Amino acid sequence: MRITADEATSTYAGARAELLARPGAPGAARRRALTALTDDWLHALYVASGAGEIGAALVAVGGYGRGDLAPGSDLDLLLLHPVNADPADVTVVADRLWYPVWDAGLKLDHSVRAPAEARRLAAQDIKVVLGLLDARTVVGDDALTKQVRESVLGDWRALAPRRLDELRLGVEERTVRSGELAHLLEPDLKDSYGGLRDLVSLRAIAASWVTDAPVASLAVHRDLLLDVRDALHLVTGRASDRLLHQEQVPVALRLELGSDDPGDLLLRSVSGAGRAVAYAADTTWHRVERLTRRTGVRNGIAGAARKLRSGGGARGERAPLADGVVVQDGEAVLAAEARPERDPVLVLRAAAAAAQAGLRLAPHAVERLARDSAELPVPWPAPALDALVSLLGAGRPAIPVWEALDQSDLWSRLIPEWSAVRSAPQHNPVHRYTVDRHLVEAAVQASASTRRVARPDLLLVGALLHDIGKGRPGDHTDNGVLIVQSLAPRLGFDPDDTDTLVALVQHHLLLPETATRRDLDDPATVAGVAAAVGDQDTLDLLHALTEADAAATGPAAWSDWKKSLIDELVSRTRGVLAGRPRLEDPRTTAAQHRLAEAVRASTADGVAVLLDEEVAPGIATVTVAAPDRTGLMATVAGVLSLHRLQVRGAQVDTVTAPDGSRRAVQVWTVTPAYGDPPPVDRLREDITRALAHTLDVAARLDAREQAYPAPQGTAAPRVAIVPGASERATVLEVRAHDASALLHRITRAIAAADVTITAARVATLGSEVVDVFYLVDRDGAPLTDGRAATVSVTVLGALGG
């Protein structure tokens with residue numbers, strides 16, 4: 001008995017809802033069941049539509065063709081009809097097929113084509129090709145499907161060099177838009193590089209016959225990404241492919257991931273899958289480029305490597321690269337006589353030789369090294385440590401080589417402590433990479449500074465290990481110190497070098513935190529840094545490590561302003577370590593003139609405002625001189641915020657004007673949020689009005705703040721006194737999520753507590769703010785413990801804590 005389309009749709013809807021509501025983690029079995037259920041429904045619609053009477057075939061393409069239906073997936077369908085079918089009949093049949101799908105509330109990506117039309121469109125649109133490569137007949141004349149698939153495949157293979165170029169361009173554009181799956185805190189499971197679309201691209205490359213692609217070996221990673229996407233659809237009730245932060249724990253629980261931190265485990269798993277897919281894609285595209293003779297090689301191959309490739313003679317000829325390592329077909333491979341089971345250093349020697357020549361390690365070479373390599377003795381022999389340093393010193397070409405060994409878990413075998421940081425998420429939007437990739441990137445960045453330090457080997461290894469304590473409970477610096485104390489001797493470093501590496505790990509945040517959060521004019525600041533580093537060689541290593549760490553973190557971690565502060569701190573510390581006397585006033589001559597100019601420009605009851613634009617790219621300096629008074633800094637901070645000037649730093653001094661009166665002089669380092677800074681006359685007018693109480697800065701800022709939604713889900717603010725940070729003031733540190741007029745609120749609260757700010761350091765890292773204030777009482781002395789505690793409570797209250 002033939003059932004109607006409505007009956008079939010009603011039955012399908014109920015069965016589909018029951019299937020998706022079943023308890024248990026999503027998986028391949030449920031996708032197969034959903035695909036089979038959908039096939040049966042479409043079969044009934046096909047019969048009811050009369051499509052068989054015109055000889056048509058209903059074809060599943062894309063993800064549906066592969067059987068990868070997720071709860072929120074579109075149905076990708078192609079109605080193929082014979083070339084001689086009546087167009088009116090085809091239209092009627094198509095309507096009878098598509099409308100029940102829409103009525104069921106499903107998204108439909110549909111087309112109606114004769115075989116020749118499908119082939120012609122595939123020749124014009126790469127997306128059509130990718131869909132048809134997975135074409136599968138749901139119901140109807142399978143001969144039509146085979147005709148289209150075979151013709152499209154034949155064209156794809158015949159035009160592979162040109163079409164693969166087109167595909168690669170699309171991959172690169174998508175990566176720019178969506179980033180790398182392995183390193184994002186909120187990855188797109190489909191579009192991020194290393195995601196589901198790249199698995200489709202690898203299938204397309206394999207179908208081109210240009211080169212093999214490791215599609216089968218990626219099955220476990222493909223299934224994981226599909227499982228996560230299924231769980232995401234079920235948790236959110238919508239067809240989203242982006243794994244947002246607030247949905248990660250529910251998705252992990254839906255997948256039944258057992259862990260004290262299921263969200264972290266989920267991100268690690270997704271990152272691991274994304275890295276495996278990205279590595280396979282990188283390797284495959286590298287071979288495609290070589291085999292199709294694309295001009296230019298990604299990542300810039302070194303001249304020596306170019307000579308080796310061009311001078312290697314006929315294809316397949318081997319040229320020596322290092323002991324046991326040769327170049328063949330543009331890749332580093334093991335020599336025929338290589339015996340990794342007898343040569344434990346070979347794995348590191350091969351990696352270093354490949355990276356130094358700008359080559360990749362061939363996958364089969366990596367597989368053999370992973371399978372047969374003998375265990376390195378402990379401590380490592382000197383050639384092993386030399387090879388590790390050489391690998392890290394190769395710069396950017398070291399990354400694909402490192403990743404090749406990592407995909408075979410060789411690094412965790414060589415350095416067991418590496419396992420904890422592998423694919424570990426950073427949970428901080430300032431960072432653009434996972435912990436392990438950040439460490440490798442830091443070493444790559446440090447390789448550009450090896451000429452600046454006395455011990456390049458310690459710089460490179462220190463950069464690789466500076467965050468090795470992450471991925472574990474507790475403070476990552478404390479963890480890292482303990483790890484490096486044990487690890488460095490095993491790598492072959494002597495006790496003195498081990499102490500230096502421990503110092504680099506222990507103090508890797510010393511320079512940026514001190515430069516941006518402490519008063520460089522306070523003698524205790526520079527003295528504390530000098531005592532911590534101990535000698536100039538260690539200072540130089542920390543300086544280079546700081547720059548490499550910031551460059552490997554991301555754009556928000558570095559700026560010209562931050563660099564200038566760190567450079568100044570290093571310069572002053574170097575002077576202390578060299579025994580040079582410290583000048584009474586460490587400001588530069590230009591700064592002294594600036595202060596004098598501001599004081600001369602003000603009168604006993606007036607205000608002077610000076611503006612220096614573009615003291616560095618995107619940075620300006622605002623100097624304000626005014627009669628000294630409590631709350632002056634809050635007032636000026638508020639006016640700067642009204643004019644949308646983001647404060648990067650502030651220096652406050654009290655000086656004597658030519659007329660004998662006392663003037664507060666504030667030097668603000670600011671960045672305009674939009675465009676150029678406002679005219680200096682407007683700044684002067686608004687500051688003057690605010691001090692005369694004719695401009696209500698607080699009310700204006702409150703009104704503007706109410707116009708924007710408050711951030712949700714941010715960490716609570718923290719206010720703390722930093723003991724021993726200064727000999728002449730009490731140091732208050734404030735950490736909070738960035739918000740409009742935040743500095744004004746903080747300084748207004750400090751003024752309300754009747755204490756004076758003598759200096760301030762302000763740093764904004766992504767969306768997080770770290771502000772440091774030097775406070776004294778009315779007599780210019782540091783605050784008592786009780787008074788300091790009161791100020792802390794007052795500021796915390798102003799921040800809503």
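Colleague: How do the residues lining the second largest pocket divide into nonpolar, polar and charged?
Modeller: In this predicted model, the lining comprises 18 nonpolar, ten polar and 19 charged residues.

Colleague: What is the volume of that second largest pocket?
Modeller: The volume of the second largest pocket is about 1400 Å³. Its lining has 47 residues, and those closest to the centre are Gly62, Asp76, Asp109, Lys127 and Arg197.

Colleague: Which elements give two or more residues to the lining?
Modeller: The helices are H3 (62–66), H5 (115–124), H6 (126–132), H8 (160–178), H9 (196–208) and H10 (219–236). Strands E2 (75–80) and E3 (108–113) contribute as well.

Colleague: And which element gives the largest share?
Modeller: Helix H8 does, with seven residues of the lining of the second largest pocket.

Colleague: Let us stay with H8, then. How many residues has it, and what is its reach from first C-alpha to last?
Modeller: H8 has 19 residues and reaches 26 Å between those two atoms, close to the 27 Å expected at 1.5 Å a residue.

Colleague: Which residues of H8 are buried?
Modeller: They are Ala160, Arg163, Leu164, Leu167, Arg168, Val171, Arg174 and Ser178. Viewed down the axis of H8, these buried residues fall within an arc of 140°, so they line one face of the helix.

Colleague: Why would residues three or four places apart point the same way?
Modeller: An α-helix has 3.6 residues a turn, so residues at that spacing point the same way.

Colleague: What does the face of H8 turned away from the buried side carry?
Modeller: That face carries Val176 and Arg177, which are exposed.

Colleague: Now helix H4. Which of its residues are buried?
Modeller: The buried residues of H4 are Val90, Val93, Ala94, Leu97, Trp98, Pro100 and Val101. They cover an arc of only 160° around the axis, which puts them on the same side of H4.

Colleague: Turning to strands: which way do the residues of E1 point, and are they buried or exposed?
Modeller: Ala57 and Val59 point one way from strand E1 (residues 57–60), whereas Leu58 and Ala60 point the other way, and all are buried.

Colleague: What does E1 pair with?
Modeller: E1 pairs with strand E4 (residues 136–140) in the antiparallel sense, over four bridges, and Ala57 stands opposite Gly140 in E4. E1 also pairs with E2, antiparallel and over four bridges. There, Val59 has Leu78 of E2 as its bridge partner.

Colleague: In what order do the strands of the open sheet with E5 come?
Modeller: The order of its four strands is E5-E6-E7-E8, and the pairing is mixed. Strand E5 (319–322) and strand E8 (360–361) are the edge strands, each pairing on one side only.

Colleague: How many bridges join E6 to E7?
Modeller: Four bridges join E6 (residues 325–328) to E7 (residues 331–334), and the two strands run antiparallel. Val325 has Leu334 as its bridge partner in E7.

Colleague: One last topic: how many cavities of 30 Å³ or more does the structure hold?
Modeller: The structure holds eight such cavities. The second largest cavity has a volume of about 100 Å³.

Colleague: Which residues lie nearest the centre of that second largest cavity?
Modeller: Of the 17 residues that line the second largest cavity, His183, Leu184, Leu185, Pro425 and Thr434 lie nearest its centre. The lining divides into nine nonpolar, seven polar and one charged.

Methods:
Residues numbered from 1 in each chain as written. Predicted model: local features only at pLDDT ≥ 70, side-chain atom pairs only at ≥ 80, totals over all residues. Heavy atoms only, no water. 1 Å grid on protein atoms, 1.4 Å probe; cavity = no way out; pocket = protein on both sides within 12 Å on 5 of 7 lines; lining within 4 Å. Points joined across faces, edges and corners; volume = space filled by probe spheres on them. Nonpolar A, V, L, I, M, F, W, Y, C, P; charged D, E, K, R; others polar. Pairing = 2+ DSSP bridges. Buried < 20%, exposed > 50% of the residue type's maximum accessible area, 1.4 Å probe, protein only. Arc of directions from axis to C-beta. Expected span 1.5 Å × (residues − 1).
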